[in-house]
Amino acid sequence: MPPPDQVLRADAARNYERIVVAAERAFEEIGPAATLEEVARRAGVGVATVYRRFRNRDQLVRAVFARAFVAIELAAVETDDPWQDLLHFLHATVDVLAGRQAVLALAREVDSIDVRLLDRCEHLVGGLLRRARAAGVTRPELEPRDVAAVVVMALAVVRPDDVGGADRRRYLALLTDGLRPAPTALPPAATLPSRCRA
């Protein structure tokens, strides 16, 4: 039998995960009106447990967004095909965020998108893009912010009634064709801090 402190830590980890999963569902189904009390009810824990782990809703929104980012990180794979690696990452990122539109909007609204996550995102995109450029399968002038913009544009066509995501796949395919080498270079981008925002 494990020591009592290990049991407590395991219980705390399970509660944390239940709360974050319940919050994600509540935010997507109810929207900004979802309360911590509603999250506690869905998680099957007391509201005091939620407040012990998260002092306020903004902290919970941040945790929900961070959980979504884990799925995005897992999509950053490296095989012997840099172009397919980049496409896989873009499709996975759009799919993850398309299913969390309310959470994404709420995170922006309360400024709960952790800058460290954005830095990690930019690092992931930068690595995939460097490999693709080195292999000659993308435009040489592309920057990580260009790839992030493709995600934003694909998300612009997400609609609740497009359950299968046909439109986002169609337009993501159209957008990613623009990443391929072309006879003319892209116009220069505005001088702004490079951030992976979606």
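How many residue pairs are in polar contact between domain 1 and domain 2 (both at pLDDT 80 or more)? The count is seven. A polar contact is a pair of N or O atoms within 3.5 Å; within protein, one must be able to donate a hydrogen and the other to accept it, and residues adjacent in sequence count only if both atoms are side-chain atoms.

The model is predicted: local features need pLDDT of at least 70, side-chain atom pairs count only at pLDDT 80 or more, and totals for chains, interfaces and linings use all residues. Residues are numbered from 1 along each chain as its sequence is written, and side-chain values use heavy atoms, with hydrogens and water left out.

**View 1. The whole chain has nine helices and zero strands.** Helices (H or I, at least four residues) and strands (E, at least two) are DSSP runs, numbered from the N terminus. The C-alpha atoms fill a box of roughly 65 × 40 × 35 Å along the principal axes. Of the 198 residues, 40% count as buried. Buried means under 20% relative accessible area, exposed over 50%, and partly exposed in between (1.4 Å probe, protein chains only). Among contacts with a separation of 6 or more, 72% join residues 24 or more positions apart. Contact means heavy atoms within 4.5 Å.

View 2. On the domain 1 side, 15 residues are in contact with twelve residues of domain 2. About 1200 Å² is buried between the two domains, and carbon and sulfur atoms give 65% of this. Buried area is the accessible area (1.4 Å probe) that two parts lose on being put together, summed over both. In domain 1, E24, F27 and E28 lose the most area to domain 2, together 48% of what that side buries.

View 3. A salt bridge is a side-chain nitrogen of Lys or Arg within 4 Å of a carboxyl oxygen of Asp or Glu. E24 is buried, at 12% relative accessible area. Beyond its neighbours within four places in sequence, E24 is in contact with V64, R67, R100 and V103. Three salt bridges are counted between domain 1 and domain 2.

**View 4. D11 and R14 form a salt bridge at 2.2 Å, N to O.** The two are three residues apart in helix α1, so about one helical turn separates them. D11 is partly exposed at 31% relative accessible area. R14 is also partly exposed, at 44%.

**View 5. R131 and E78 form a salt bridge at 3.8 Å, N to O.** This pair links distant parts of the chain, 53 residues apart. R131 lies in helix α7 (residues 115-134), and E78 in the loop between α4 (57-74) and α5. R131 is partly exposed at 23% relative accessibility, whereas E78 is exposed at 58%.

**View 6. R168 forms a salt bridge with D95, the closest N and O atoms being 3.0 Å apart.** R168 lies in helix α9 (residues 166-177) and D95 in helix α5, so the pair ties together parts 73 residues apart in sequence. R168 is buried at 15% relative accessibility. D95 is partly exposed, with 39%.
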